[in-house]
Every structure is written in structure tokens, then in C-alpha cells.
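Let's take a friendly walk through this structure together. Have the sequence and the 3D view at hand as you read.

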Amino acid sequence: MDWFPLALSLQVALLATIVTAVVGVPAAWLLARRHFAGRDLISATLLTPLVLPPTVLGYYLLMVIGRRGFVGRLLDARGIELAFTWRAAVLAAAVGSFALLIKTAQAGFESIDKRLEQAAQTLGHSDWSVFWTISVPLAWRSILAGTVLAFCKALGDFGITLMVAGDIPGRTQTLPLAIYDHVQSNQLQQANTLALVSVAIVIVLMLLLGRVARLRY
Amino acid sequence: MLSIAVRKRLGDFTLDADWTSDQPIIALVGPSGAGKTLTLQCIAGLITPDAGRVICAGHELFDSASGVNVRPQRRRIGYVFQGYALFPHMTVLENITYGKRRAEKGVRPLLPVIERLGLRDLQSRYPSELSGGQQQRVALARALATDPDLLLLDEPLSALDAPLRRELCTELSQTLREWGKVAVLVTHDLSEAYQIADVVVLCEAGRTTSAVPKNDLLWNPSSERVARLIGARNILRGVIADTRTESVALDWRGVRLEAAQSPSHNLHARKGDELAFFVRPEYVRLIRKNRVVSDNLRQTNLFRGDIIGERDEGTTWVLFFRVAMEGSPAQGAYDLEIEIPKLVYERLNVAADRHWDVSIHPGSIQVLPSY
């Protein structure tokens, strides 16, 4: 039994979730609390990864990070390869999952009574300080829920990963890709084991999430 | 001194607040949706007005002409929000010490405030574990802890039930007097404003009156509009029959009324002009039957009529009185609302007897200047 796909998937999903959380939580707060031009457009665009065919997303992502892509050329000039490496898989997983995190966290921030943040402002706290001492502590359950959902989604990404990272055994073959390959080559025993492992991971995470939701602040 | 003159449009609503007070405790009174909270938010800097200026204790906080707009963090304003807005994830002590300006100085200087508001034993509780009255005190302590120049209070008592509201009204009034700086209280309850504030600003549909000393407002309203805003009943119109220095004679519903004229009201009205006035329902007297009316005062403003309806309000009765004269009544089916204590209602046997003489003391007829 080859456990590499599982290890790679966990690593990819974890990194993708970290990237998503670092960018997504402040972005969710901005969308929830600030009025700026194009906010509705951005909000709508952020939802597209949830409904667009993964191949479409993968295609555009490849156009950006591929050798001839805007970012790809910049990286290539510095000798960094991104497309068809495990890093591209991280990016793919992040793109596929950040909408879940942003939307969940945004709902969390929006449900905070605005007067709490205003009260903190009148008490002399900067926006940055209000964010960390009031907004995040009060929305943390939503943030955590979004993070866990994003992790699960990242763990299961197939289409985008296939487009930008390929399916190279021992290098970019993540767990969902490995299951696909096993089924294709009629190795049902291996496919079965990996599928069960994925189900188990997700169920355990969801159970934990349910427990956390019952906690107070 | 606090001076505000701002304009802010929000959808269909336009706030046009313009008043100045040199008295420390100001009440903004008006129905919900009048723009009272919006005014506080403009003072605190939580909302940026479209135009105007806000000046507090000599500091310019906002001026659209010169582009001054001090950030809320730097305005030195304490804000007690409606519903208190206590931080639910912090203890009472953490709430009170959260303010930036005080946080650097530690807890020690706050102890008198905590002690004064009776919060010492509650320090480690969470807001959800406090009663409404305790939450109000914590919100007040949190705002005062930053040593602000100005305190804003948005309906600080409306979340409490009646007996507690009366108690905390007195307490709040004392706390604000002891504290001694400028405070703006928002309330829809005029009697609350009267008990706590020095001056009152009336708000209605986004517009405000100037700041009026509370006694003038209640006992000497400056116009018919103000009288309506303070909820005066029996607002009537008569025609001037005669004017003297200290009184004015009015013809109303075929009755000649003498009204003591307030010297501060410079009436430009002359004989023959229409004039608005109001009569407090509780100041109209029913005259006992078979009794010789001897004193002169009782003979002025004495007229006859019938009670055509009534309402039991528990400890008092409201009677709807119709003057026995030709013509249509002044207020729909009736001319005057009269309010008497239940005891009087029973002793005079008003339930059985509907035909009465009534009299109004000339000093109880409040003449309203119309500009």
C-alpha cells in the first residue's frame, strides 16, 4: 500500500488552508464591514469557485501560473517552477476552497452587533485592535467552521489539481487522484482503503466542529 | 459647551440637527425614528455628516468647511449604547478596563468608579450573568473609565422595567452631577429627561429645536409645535377679545376665558387675532353642586356643559367634556379633556351625574405664541 497520496494530500490541504485563512479572514471582515466600490462584484466573484466547473478554474489558473502565464513567466525568470509541482496543488486546493472560508467567516462577522465594534472605537481602540480584540474573538466559531470546511474541501480537490499540478505519481498525485487512478487500473482494494480514510478524516473533523459550536466564546 | 450643527442624508431620511448648550446635561427627546441616535453617532464620529460642525468644550471635532474630522478614537467621548453593547466575551472588569486611555494606567484608578457603581463583587462575572440594572452600571463605568470630556447616553433606562427604571433614573442623575462634565441623554420619555437633564432638545423627523431649559419647555412652551411634541393635551384656538399686561381675554366656543399671560412671551397678537393655547386636563376643576361660588377666582373661566365620555386609567379618570354652547366641539365630539383623581370621581359621584360646571384657573391656561 502506497501512503504517499495521503501524506501529500494532508500537507497540501494544510498549507492551502493556512494560506486561505491568512488572506480570507481579513478579506471576510472587509466584505462584512466596509463599504467600497466593487464590493458586490468581488463578493459575487468569490462565490464562482463553488459553482464553476473545476476544469474552468484550472484552465484559468494554468493561464496565470503556466510557463507562458503572467505569474509563471516571472517565476520562471527566477528559476522557480510552479505549474505541475506540489505547490501548484496547494494553489489549486486554495482556489477551490477559499469561498467556503470567506463566506462562513463573513457571515460570522456580519452577525456581530455593530455597536460592539463602535463601542471599542469610542474607547480608543484602532481598527486593527478592534479586529483582534472584538471581531475575531466574537466570530471565532464561524472562522473555525469556515477553516475546517475549507480544509475538507482542499483535501478533496480533484479537477483544479489535475489541471495545474497534473497527476504525477510520487510527486503531485494527491489522494483523490490516486483513488481515480486505482479505479481506472482496477486496483479496487487500494481505492477502497483510500476512500475509507478520506471519509473517516472528514467525519472526525465534522464531529469536532459540532463540539466546538456548543462552546461559549 | 457643546454645539452641533450637522446635516446628514441617509436614504429618505435627512437629519438636520442644530443646537447649542452651555448647560452640562442635555436631553434629546423625541419619538423613535426622529434622528436622536444618529445625532449621537455624528457627535461620536461613528457617522460622518454631509455638512456642518461639532464643537465640544472648545475642541472642534468636525467641520466640513475646514475639513476637520477627528477620528472616534481621539474624540474623548464616552458612549453608553442602547442595549449597552457590553463585550460578551469579557468579564465585567475586562469590559471596564478595556478603554485605551485608561488601560495604560492599570486598574487602581478605576476602583472608585467600580466601588461607586456597586460593581466590586461582580468584577469576574460575564455580561450575560448580569441583570439589566447591573449591565447599565457596567456600561456607564466602562464609558466613564476613559475619563471622557463628553458622555453620550442612548436610552440608558429604556431596557429596564418600571420600578428599576425609577431607581436608576435617580442614580444616573446623581452620578452625572457628581461627574460634573457634559452629557447628552437620548430618551423618548420627557419625564426622564426632566428628571436628569438641565436643558431639552426636541427632535422630530430629523429636525431639532434649540436647547430649552427644561422648566421653560414644560411650563412655557414656545410654540404650538413644541406643545404638541411635549404631548400637551387640549391644544385649542381662541380669538383675542382683549389684551392687558398680565393677562389676555379669549373667546372660545362662546365662552370668555381669562388667561394669565406669561411675561416672557412677547405676543404680537392683537384684538381679533386667533391664538393657540392649551389647558392641562388635570387643572380643570369640576364645581360641586349646590355650593355658592363665593371667591372671584372661581367665577372666572366658569362654564357649563356635559360629560359625554370617560376613560378609567386606574388611579385617575379622564372625562370628555362638551361645553353647553351652540357650534361644533373643539376636539371632535368633545371640547375638553379633564383628568381627576379616582377619589374625587367617586366622592362627586361623577358616574351618575353628567351635568357639570367647570372652572379653569387663569394661570392654567397656557397661551402659545404663533410666529
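Predicted model: local features only at pLDDT ≥ 70, side-chain atom pairs only at ≥ 80, totals over all residues.

In chain A, 76% of the contacts with a separation of 6 or more come from residues 24 or more positions apart. Chain A has 10 helices and zero strands, and its pattern along the sequence reads α-α-α-α-α-α-α-α-α-α. The C-alpha trace of chain A spans about 65 × 45 × 30 Å along its principal axes. Of its 217 residues, 41% count as buried.

Now move over to chain B and find helix α1, which covers residues 36-44. Is this helix mostly covered or mostly exposed? Helix α1 of chain B is mostly covered, with eight of its nine residues buried. Among the buried ones are B:Leu38, B:Leu40, B:Cys42, B:Ile43 and B:Ala44, and the list also includes B:Lys36, B:Thr39 and B:Gln41. Just after this helix, B:Gly45 takes a positive phi of about 85°.

Further along chain B, look at a pair of helices: α5 (residues 132-144) and α6 (residues 162-179). Their axes come within 11 Å and cross at roughly 15°. Angles under 35 degrees count as roughly parallel, and therefore α5(B) is roughly parallel to α6(B). The crossing of α5(B) with α6(B) is right-handed. On the α5(B) side, the residues that meet α6(B) are B:Gly132, B:Gly133, B:Gln136, B:Leu140 and B:Leu144; on the α6(B) side they are B:Leu164, B:Leu168, B:Thr175 and B:Trp179. Sorted by class, this contact has five nonpolar, four polar and no charged residues.

Finally, turn to the strands of chain B. In what order do the five strands of the open sheet lie? The order is β15-β14-β13-β16-β22, with antiparallel pairing. The edges are formed by β15 (255-260) and β22 (365-368) of chain B, each of which pairs on one side only. Neighbouring strands of this sheet are turned by 45° against each other on average, direction ignored.

Within this sheet, zoom in on β13 (residues 235-243) and β14 (residues 247-252) of chain B, which run antiparallel and are joined by four bridges. To find the pairing on screen, select B:Asp242, which stands opposite B:Ala249 in β14(B). In general, strands of a sheet pair through backbone hydrogen bonds, either parallel or antiparallel.

Methods. Residues numbered from 1 in each chain as written. Chains lettered and ligands numbered in written order. Pairing = 2+ DSSP bridges. Helix = DSSP H or I, 4+ residues; strand = E, 2+ residues; numbered from the N terminus. Axes fitted to C-alpha atoms, helices over the stretch in contact; angles between N-to-C directions. Parallel < 35°, antiparallel > 145°, perpendicular 65-115°, else oblique. Left-handed = near helix turned anticlockwise from the far one by under 90°. Contact = placed C-beta atoms within 7 Å. Nonpolar A, V, L, I, M, F, W, Y, C, P; charged D, E, K, R; others polar. Buried ≥ 20, exposed ≤ 12 C-beta atoms within 10 Å, placed from the backbone.
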